[in-house]
Amino acid sequence: RQHFAALRFLYGKTLGKPALVSFLSWPRDPERLPVVLSAEEVSRLLAALATPRFAVFFTTVYSAGLRLGEACRLETRDIDAARGVIHERGGKGGKERLVMLSPQVLTLLRAYWKQVRPPAPWLFAGTRGNHHLNAEVARKALKSAARTARLGKKKVTPHVLRHSFATHLLERGTELRVIQVLLGHSSIKSTTRYAHVAAGIG
């Protein structure tokens, strides 16, 4: 990749002859299967989160299949208890969508809100209070919990919880098109890869 970038810069910028390297194509990344945790491993991971705020935060991430940034920017108005959904407004590409909100997670969020009373408008506020939860802080908390939970050689990131959410839905018989909508994927191709890691499917 460095050689490729260097050649394009040399011929495109320095020598002013971009046509000489126009036939070169950017090296493609190998397609790897997503890392997925079992339901039992997810439970162990969430239980290992020492701070209640992060336990509630990552339970919400997993149960709704949210991206880390989406969960960090959740506002209290995004929780629609009457309809049992979370209104995700800051999705990838600026797209809005509705994701599932289970009764158990709603109960957990209500208890968390009564105890913490995060400053408006955020559902999960940062330490300074006037800003939403910092993604890097949340990522470090999950990494520490993964070590405590002893999940073997699996590299656990917040996105692994999203992969696990989608895979577990598929294993329970949810259609790929439904999962595509819940995850906010523009293409079904992004969703079909979960069929390769779902137990008993494919």
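Begin by selecting aspartate 78, which lies in the loop between H4 and strand E1 (79-80); helices (H or I, at least four residues) and strands (E, at least two) are DSSP runs, numbered from the N terminus. The model is predicted, so local features need pLDDT of at least 70 and side-chain atom pairs count only at pLDDT 80 or more, while totals for chains, interfaces and linings use all residues. Residues are numbered from 1 along each chain as its sequence is written, and side-chain values use heavy atoms, with hydrogens and water left out.

Is aspartate 78 buried or exposed? Its relative accessibility is 3%, so aspartate 78 counts as buried (buried means under 20% relative accessible area, exposed over 50%, partly exposed in between, with a 1.4 Å probe and protein chains only). Leaving aside neighbours within four places in sequence, aspartate 78 is in contact with Arg73, Val85, Ile86, His87 and Arg89, where contact means heavy atoms within 4.5 Å.

Next, select helix H7, residues 158-171. Because 12 of the 14 residues are buried, H7 is largely enclosed by the rest of the structure. The partners of these buried residues include helix H2 (39-47), helix H6 (135-149) and helix H8 (176-183). After H7 comes glycine 173, with a positive phi near 100°.

Now display H3 together with H7. Their axes are 7 Å apart and meet at an angle of about 40°; axes are lines fitted to C-alpha atoms, for helices over the stretch in contact, and angles run from 0 to 180 degrees between N-to-C directions. The two helices are therefore oblique to each other (under 35 degrees is roughly parallel, over 145 roughly antiparallel, 65 to 115 roughly perpendicular, and the rest oblique). On the H3 side, the contact is made by Phe58, Val61, Tyr62, Ser63 and Ala64, and on the H7 side by Pro158, Leu161, Ser164, Phe165 and His168.

Finally, select phenylalanine 58. Not counting residues up to four places away in sequence, phenylalanine 58 touches Leu46, Leu49, Leu68, Ala138, Leu142, Pro158 and Leu161. Phe58 and Leu161 are also among the residues with the most contacts inside the largest nonpolar core, which has 48 residues; such a core is a set of buried Ala, Val, Leu, Ile, Met, Phe, Trp, Tyr and Cys residues joined through side-chain atoms within 4.5 Å. The largest share of this core, seven residues, comes from H3.

How values were computed: The expected span of a helix is 1.5 Å times one less than its number of residues.
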